[in-house]
Amino acid sequence: EGIDEVALGKTPAARIDSVRSHLHYGLPMPEETASEAADTLAKFVAIAGSIDALPAYLEALAQVAPDDVARVARTYLVPNRRFLVTLAPRKKEGAP
């Protein structure tokens, strides 16, 4: 789906649940190495300035609803804020 469809609220709730789950369970947790878990926690503390930042993020993430996603898309993902980036392999020297 495109950004415009998201802004119109056409994202299925199941898709939002899937993304929410990915964001939550994609974080290194204690089941990973202690170093990975510490790195994740440190990033949240550095940004928010509190040891409670990670639990607060996960709680806020759990509250995200389809209407929230549409509202944010309408507010921030508007045409004058969009940039198109194209990734392409480097050309070899001497290649046209």
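Modeller: Before we look around, a ground rule: rings of Phe, Tyr and Trp (its six-membered ring) pair if their centres lie within 6.5 Å, and planes under 30 degrees apart count as stacked, over 60 as edge-to-face and the rest as tilted. The structure holds one aromatic pair.

Colleague: What makes the pair of Phe-44 and Tyr-57 tilted?

Modeller: The ring centres of Phe-44 and Tyr-57 are 5.1 Å apart and their planes sit at 45 degrees, so the pair is tilted. Phe-44 belongs to helix H3 (residues 34-48) and Tyr-57 to helix H4 (residues 53-63), 13 residues apart, so the pair links distant parts of the chain. Helices here are DSSP runs (H or I, at least four residues), and strands (E) need at least two, numbered from the N terminus.

Colleague: What kind of model is this?

Modeller: This is a predicted model, where local features need pLDDT of at least 70 and side-chain atom pairs count only at pLDDT 80 or more, while totals for chains, interfaces and linings use all residues. Residues are numbered from 1 along each chain as its sequence is written, and side-chain values use heavy atoms, with hydrogens and water left out.

Colleague: Why does Tyr-57 count as partly exposed?

Modeller: Buried means under 20% relative accessible area, exposed over 50%, and partly exposed is in between (1.4 Å probe, protein chains only). Tyr-57 has 29% relative accessibility, so partly exposed is the label.

Colleague: And why is Leu-27 called buried?

Modeller: Leu-27 has 16% relative accessibility, so it counts as buried. Leu-27 lies in the loop between H2 and H3. Leaving out residues up to four places away in sequence, Leu-27 touches Thr-40, Phe-44, Leu-54, Tyr-57 and Leu-58; a contact means heavy atoms within 4.5 Å.

Colleague: Why is Ala-88 called exposed?

Modeller: Its relative accessible area is 60%, so Ala-88 is exposed. Ala-88 is found in the segment after helix H5 (66-76).

Colleague: How do you know how the radius of gyration compares with that of a compact globule?

Modeller: The radius is taken over C-alpha atoms, and the globule rule is 2.2 Å times the number of residues to the power 0.38. A compact globule of 96 residues would come out near 12 Å, but the protein has 18 Å. Of those 96 residues, 15% count as buried.

Colleague: What makes up the fold?

Modeller: There are five helices and zero strands, and the order from the N terminus is α-α-α-α-α.
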